[in-house]
Amino acid sequence: MTTPRFLVAALFAGAFACASAQEPSQQQQPWRVAGGASDPAAVKRVQESLAAPWKYKARRLARAEVDALLAKPESVVFIDLRRPDEFITYGSFPVFISVQNKDLERQLAWLPRDKVIVTVSNHAQRAGAAADLLASRGFNVAGATGAEEYEVQGGTNVAHLAPPVRPAAAGASTPRS
């Protein structure tokens with residue numbers, strides 16, 4: 001996939017995931033984002049993460065700082081560095097660009113330079129490294145945050161649902177000559 005199409009696809013995927021999350025009536029069973037302040041295991045993971053030394057130059061954003069940036073959606077872009085299964089499990093922010101951490105350097109040319117960037121991972125460690133990389137390449141980086149940290153601190157992540165499995169159409173598996 002060419003890189004301009006990649007960016008469009010990433011934006012479309014984020015919009016689709018957000019739209020899917022807003023239509024729970026179409027789901028067959030209730031869904032929830034894993035973690036949060038009511039989940040003792042999530043609280044423990046976040047406490048351990050926050051206790052670890054922060055080794056990045058980028059600022060580690062707390063919930064209030066993230067909320068202030070979310071209040072100005074026209075000037076900020078969230079880059080989620082996690083695999084799709086991670087943001088489906090732990091949720092993310094309403095609008096984001098999904099660029100897996102391993103692909104970040106190859107996608108730099110397609111990231112917006114006219115917006116403030118917040119990098120996202122589960123507990124901000126990958127996000128911190130990515131924020132440092134982006135800042136070293138001249139991007140305007142506000143900092144890094146962890147989606148699970150944000151939720152444990154009282155923020156609300158948006159659940160992103162895996163697309164439903166659709167049954168194969170009749171004759172679809174029959175090879176054609």
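The model is predicted, so local features need pLDDT of at least 70 and side-chain atom pairs count only at pLDDT 80 or more, while totals for chains, interfaces and linings use all residues. Residues are numbered from 1 along each chain as its sequence is written, and side-chain values use heavy atoms, with hydrogens and water left out.

**Overall fold**

- The chain holds six helices and four strands; these are DSSP runs numbered from the N terminus, with helices being H or I of at least four residues and strands being E of at least two.
- Read from the N terminus, the order of elements is α-α-α-β-α-β-β-α-β-α.
- Of the 177 residues in the chain, 43% are buried (buried means under 20% relative accessible area, exposed over 50% and partly exposed in between, with a 1.4 Å probe and protein chains only).
- Among contacts (heavy atoms within 4.5 Å) between residues at least 6 apart in sequence, 71% join residues at least 24 apart.
- The chain's accessible surface is about 10200 Å², and carbon and sulfur atoms account for 57% of that surface; such areas come from the Shrake-Rupley method with a 1.4 Å probe, and for residues only the protein chains shown count as cover.

**Strands and their pairing**

- Strands E1 and E3 pair in the parallel sense over five bridges, where pairing requires that DSSP finds at least two bridges between two strands.
- Within that pairing, Val-77 has Ile-117 of E3 as its bridge partner.
- E3 is also joined to E4 by five bridges, and these two strands run parallel; here Val-118 is partnered with Gly-143 of E4.
- Strand E2 (residues 97–98) runs parallel to E1, with two bridges between them.
- A right-handed β-α-β unit is made by E3, H5 and E4; right-handed means that, with the strands pointing away from the viewer, the path from the first strand over the helix to the second runs clockwise.
- Five of the five residues of E1 are buried, so E1 is largely enclosed by the rest of the structure.
- Likewise, E3 (residues 116–121) is largely enclosed, because five of its six residues are buried.

**Nonpolar cores**

- The largest nonpolar core has 18 residues, and Ile-79, Leu-104, Leu-111, Leu-134 and Phe-139 touch the most other members (a core is a set of buried Ala, Val, Leu, Ile, Met, Phe, Trp, Tyr and Cys residues joined through side-chain atoms within 4.5 Å).
- Strand E1 (76–80), helix H5 (125–136) and strand E4 (141–146) are the elements that give two or more residues to this core, and H5 gives the most, with five residues.
- Leaving aside residues up to four places away in sequence, Phe-139 touches Leu-108, Leu-111, Pro-112, Arg-113, Ile-117 and Leu-134.
- A second, separate core has 12 residues, among them Val-66, Val-76, Phe-93 and Val-118.
- In soluble globular proteins, nonpolar side chains tend to be buried together.

**A closer look at Asp-80**

- Asp-80 lies in strand E1 and counts as buried because its relative accessibility is 0%.
- Val-76, Phe-78 and Asp-80 point one way from E1, while Val-77 and Ile-79 point the other way, and all are buried.
- Asp-80 stands opposite Val-120 in E3, and its bridge partner in E2 is Ser-98.
- Not counting residues up to four places away in sequence, Asp-80 touches Phe-87, Ser-92, Phe-96, Ile-97, Ser-98, Val-99 and Val-120.
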